[in-house]
Amino acid sequence: MSFDINSLQLQDTTTLHLKNPSTEMPLYTGEKHDKPVEIVIYGRSSKQYRQWLSAAETAKARRKNKEQSPEEKLADTVDFLAAITKEVRNIKIGETEVNNYEAIKAMYAAPGLVWIGDQVANALSEVDGCLQS
């Protein structure tokens, strides 16, 4: 009997439960601290991820061999993270709920919140988070 490799197909999305960058403890909010702080991201097998990758390759070809400035690299990273973010749950910056594309970009662009992008990138590289159950 052969192994059905389809049993290991990736899902389009995975849910990342953010962790405190200092303690590694999962973050919760709400009066009873029962609402997980989460980001739903599109995985590498998703159409959204592949579209962003294709657009990035096209932009790179247009630049030819021109080196990107640090600001341009940061902007590309923020655009990438925002493009692969499907949903943000239970996060606000100050009094602003992170519930739209511009707020998501602002979250990823904030210098003091770079750890969020790091956790998203790590989740993206962990295949088991996207495996179908």
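Student: Which elements do the buried residues of α4 pack against?
Tutor: Heads-up before we dig in: this is a predicted model, where local features need pLDDT of at least 70 and side-chain atom pairs count only at pLDDT 80 or more, while totals for chains, interfaces and linings use all residues. Residues are numbered from 1 along each chain as its sequence is written, and side-chain values use heavy atoms, with hydrogens and water left out. In α4, the buried residues (under 20% relative accessible area; exposed is over 50%, partly exposed in between; 1.4 Å probe, protein chains only) are Trp115, Ile116, Gly117, Gln119, Val120, Ala123 and Leu124. Counting contact as heavy atoms within 4.5 Å, these buried residues of α4 pack against β1, β4, α1, α2 and α3.

Student: How many helices and strands does the protein chain have?
Tutor: Helices (H or I, at least four residues) and strands (E, at least two) are DSSP runs, numbered from the N terminus. Along the sequence they follow the pattern β-β-β-β-α-α-β-β-β-α-α. That comes to four helices and seven strands.

Student: Is Gln119 buried or exposed?
Tutor: Gln119 is found in helix α4. Beyond residues up to four places away in sequence, Gln119 touches Leu16, Leu18 and Lys19. Its relative accessibility is 15%, so Gln119 counts as buried.

Student: What span is expected for α4 at 1.5 Å a residue?
Tutor: The expected span of a helix is 1.5 Å times one less than its number of residues. α4 has twelve residues and reaches 17 Å from its first C-alpha to its last. That is close to the expected 16 Å.

Student: How far does α2 reach, first C-alpha to last?
Tutor: α2 has 14 residues, and its reach is close to the 20 Å expected. Its buried residues are Val78, Phe80, Leu81 and Ala82, and what covers them includes α1 (47–63), β5 (85–89), α3 and α4. The reach of α2 is 20 Å.

Student: Which residues is Ile91 in contact with, beyond its neighbours within four places in sequence?
Tutor: Ile91 is among the core members that touch the most others. Leaving those sequence neighbours aside, its contacts are Leu18, Val37, Glu38, Ile39, Glu97, Val98 and Met107.

Student: What area does the nonpolar surface patch of Phe3, Ile5 and Leu8 have?
Tutor: Accessible areas come from the Shrake-Rupley method with a 1.4 Å probe, and for residues only the protein chains shown count as cover. Phe3 lies in the segment before β1 and counts as exposed because its relative accessibility is 58%. The patch comes to about 340 Å².

Student: How far apart in space are Ser22 and Trp115, C-alpha to C-alpha?
Tutor: Ser22 lies in the loop between β1 (13–17) and β2 (28–29), and it is exposed because its relative accessible area is 69%. Ser22 and Trp115 are 93 residues apart in sequence. In space, their C-alpha distance is 10.0 Å.

Student: What is the phi of His33?
Tutor: His33 sits in the loop between β2 and β3 (35–36), and it is exposed because its relative accessible area is 57%. Its phi is a positive value in a residue other than glycine, and Glu24, in the loop between β1 and β2, also has a positive phi, near 65°. For His33, phi is near 50°.

Conventions: A nonpolar core is a set of buried Ala, Val, Leu, Ile, Met, Phe, Trp, Tyr and Cys residues joined through side-chain atoms within 4.5 Å. Patches are made of residues with over 30% relative accessible area and no salt bridge: like charges are joined within 9 Å, nonpolar side chains (Val, Leu, Ile, Met, Phe, Trp, Tyr) within 5 Å. A salt bridge is a side-chain nitrogen of Lys or Arg within 4 Å of a carboxyl oxygen of Asp or Glu.
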